[in-house]
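Below is a short briefing on a predicted model, arranged by topic. Please keep the sequence and the coordinates at hand while reading.

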Amino acid sequence: MSKTVRYENVNKIFGLGTKNEVHALKDVTFTINEGELFCLLGPSGCGKTTLLRNTAGLDTITSGKMYYGDVDISTIPPYKRNIGMVFQSYALYPHMSIFENVAYGLRVRKVPNDIVKKKVTEVMELVGLQEELKRNPSPTALSGGQQQRVAIARALVYDPDVLLLDEPLANLDAKLRRYMRAEIRRIQKATNITTIFVTHDQEEAMAVGDRLAVLRKGLVEQIGTSDELYNQPRNAFVANFIGKMNFFNAHVVSKDAEETVAEIDSTGIRVAIKPERQHVDAKVGDQVLIGGRPEYLSVTTQASDKAVPGKVRIIQHLGSFIRYEVEVNGNISPVTFEIDMDSLQKDIHEGDTINVTFDQSRVALFSPEGREI
Amino acid sequence: MSAKYSMIENGAETNKIKKFFQKDFSQLIIFMIPMIFIAIFLLYPMAITLVRAFWAPAEYTFKFTGWSLEGFRTFFGTKLYLKALINSIIVSLSVTIFCILIGVPMGYCVARVKIPGKKLLVSLGILPIIMPSFVGAYTWVILLGNNGIVRVAINWLLKPFGVTIPSIYGMFGMILCMTLTYYPFVFQMAYGAFSGANALLEESASLMGAGRTRIMRTITLPLIIPSLGASALLVFVRAIGNFGIPAVIGGNNYVLPTLIKFAYSGAGDINLASSIAVINVIITGLVLYLQKYIVSRHEYETISATHTEIKQHTSFGARLFAIILCLIVLIFSLLPQVTIIVMSFFKRWTGLLPTGFTWENYANIFKKSSHELFNSFFLSITATLMCAVFGSILAYITERKRPKGAALLDLSIMAPFILPGTVVSIALLSAFGGNGIFKLTGTYAILIISYMIRRTPYVYRSVAANLTQLNPSLEEASTISGATWFYTFRRVSVPLIMPAIISGSVMTLTTLLQELSTTILLYGAKTRTVPIQIFNAVNENNLGRASALSTVLLIVVFAIIYTMNTRKGTDLSSSMKM
């Protein structure tokens, strides 16, 4: 039975009352839908693993409530929560065969032998390990990808209400990781168990998740689908964490109901931005950031009064596109721009001074607060 | 910082969560038993000993004799006592230094020079510690005593140079015997450290242009200082606590353990014995502190994920040197074992060769030692099983639960590891020697308790070392699967730490079978063990019986260790660490 997972003002403070108090989760409140594959995403130390471990009950929250369905599980011990969990290290028992590893949760539940056998066989077919099950080796004899499948099977075999995955792909090589994330999505959709997937890799999260929550320093910054997070990031942090965002320092020069006009510092270039792309409530004279994705910016040798001068540092061929790293005046932006072009610009070389233009209709306005990851 | 968020004031909620964890009774009960045991049989006796040290002299009584500093006054005012203190310090320090001088080069040679039979060398290198050390001492009397064959031979050789080696009785003999008994601790640890070191560190130094001696001085040696310090401390506490060797060949030279025995058994003064015990503890404590101070500045985290094979010296000179060094050390340290086995088949050994071949020594074992054999095995096995249970649980508590005061718990468990056996005995006698309710002298119980107190650290350390390497998520995975704490402990934790439990238990069992320094003060007519009988036989000059009994012990102990070494994943060295 799949269930919703609901957090209400969840706080976690490590070392409460001591000098080393760490507020790891701050008023976390949101709901994960039934059967949803939900990703918790954020840089290391953001609280995503803490939230997962508290969801499992391996840690206890300092305050707030957590619900599976309508049941408050905040104080229920982990072994009574009926959850499945896949650990980053897989945590397979080296002293048991893969059959016994997978059967473990059923043995705990005192399930009769014949049903154990049937269920283990079913779940091993689901994860694609029916051949390995026949030989039934020790998990140490399996490859990383196979161990991962055993760990998933072990977590699924007793039909948990919620499945928790803690950076499950971190120990796999790049190619296998891409394959396994598709597999995880397939298995999750086949079982339709509400699943929480923790990762620090935004590409992985966007590829796997139905919805994502971006966390930073214990706070939920934004929740939404991959598309929403990429195209309508709520703030500069999310914008720069989900994909890359280039920022221009700017200040607001005029504002009305139709649009806000901001001028890029020390250039005189003015950009008009529609309300739906304003992610900050700025008054005239306020310092703001104008953000544009690498694909909205272009490099050109032609002069223009709508262009910012810059110097090409590095040109990278990345297959379907070419990435130009361009350094601009520190007043315009303290960080190097990443600009993606569909094709190689024959007349631009590393070290050249060029102009950066951008699609004025697609840039967005952000607060300069907390841009760094 | 927290005021901004909605919680914290809500104390009731926090309490509710806390209460749920307090409800975990199975854990609580299982954890409490060893704690109570430690409190009653270690902390309480140690406290009583400390109190008794300030009581007036007692004559064969455990009753209160009034407050007094007489014990310490006697100690520091009597030449015999002060001399014993100085002897103890000289012997222990010399033994420690000699063990390092032998053990480190030998460890390096076996680990880093290409020589044949490394595994055999390592196995032979552990043998000296599994033989009762006082038996070793006695065989040196045969070899190096006033008319000992080796001494006579060497002196004959040295005659032209005008030098003679001294008789074995006295300081020289004690230092020699203890060094040859305890160097394996340093050798085993040095071997482990040199062979387990990360080769990349030395290779990178070499790539940066450092020569061999520079690498040795700046990389290799500094990195083994922590394990070297640990093994040196181990040797020191063993040497200062050794009762058997000084008792057999100390001659007129008392050391602290023999002095404690003299004060208690000879003078019948438990309070004076307590004073000496306190002084003994203070010295050991000072050395422990010194060792921690030196080592703490040299502790490093290993920062590497991959290990490569360490390059070995292959030059002819290096190989020849390594082989000769190992052979000389092994021959000298194993000579007692060979002597004892040979001797067990003869009646006398006074001249160059033993005389009067006989099976009688062995036949006598069944006639005269069956009760002692039963006692030894019964006591050792019972104590080992209890050590295994207690040690594992205690290691689990300190490693996994990290309760408040875990450091204190750790200290209480490890304290007997560095306390001389005679001190532990005096502590137990102080507490349970005279009182009506708890009179335990002469019982099996007091021996088992003293064994447990002294040997639990073996299993404890071994399991704790194993647990630190065991990913906690293995246990968490079980909890998530729906298993209660006890189910997880039984089905996941215990099977995974089993190798560590076994190796700790083997160390416990083998050392208990030959335990003398605690037993000597605690045994009664009914609870005499084999080592006690050997010790008495040696004192009565009944060499045949002593040798035969020692040979039996030697074979039993060797069989246990050999069986364990053939098992995979068990490692004796982790139970020896501090």
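Domain bounds here come from an automatic or database domain assignment. On that basis, chain A has domain 1 (5–236) and domain 2 (245–366), and the centres of these two domains, taken over C-alpha atoms, are 39 Å apart. The model is predicted: local features need pLDDT of at least 70, side-chain atom pairs count only at pLDDT 80 or more, and totals for chains, interfaces and linings use all residues. Residues are numbered from 1 along each chain as its sequence is written, while chains are lettered from A and ligands numbered from 1 in the order in which they are written.

**Chain B overall**
- Chain B has 25 helices and two strands, where helices (H or I, at least four residues) and strands (E, at least two) are DSSP runs numbered from the N terminus.
- Of its 578 residues, 46% count as buried; a residue is buried if 20 or more other C-beta atoms lie within 10 Å of its own, exposed if 12 or fewer, and partly exposed in between, with C-beta atoms placed from the backbone.
- Among contacts in chain B with a separation of 6 or more, 80% join residues 24 or more positions apart; two residues are in contact if their C-beta atoms, placed from the backbone, lie within 7 Å.

**Helix 7 of chain B**
- Helix 7 (residues 133–144) of chain B has 12 residues and spans 16 Å from first to last C-alpha, close to the expected 16 Å, which is 1.5 Å times one less than the number of residues.

**Nonpolar cores**
- A nonpolar core is a set of buried Ala, Val, Leu, Ile, Met, Phe, Trp, Tyr and Cys residues joined through C-beta atoms within 7 Å.
- The largest nonpolar core has 151 residues, and Phe134(B), Val186(B), Ala190(B), Val235(B) and Ile276(B) have the most contacts inside it.
- Helix 9 of chain B gives the largest share of this core, 16 residues.
- This core lies between domain 1 (25–54 + 361–578) and domain 2 (69–302 + 314–343) of chain B, because both give residues to it.
- A second, separate core of 107 residues includes Leu37(A), Phe87(A), Leu92(A) and Ile269(A).

**Pro112(A)**
- Pro112(A) sits in the loop between helix 2 (98–108) and helix 3 (113–126) of chain A.
- Pro112(A) counts as exposed because it has 9 C-beta neighbours inside 10 Å.
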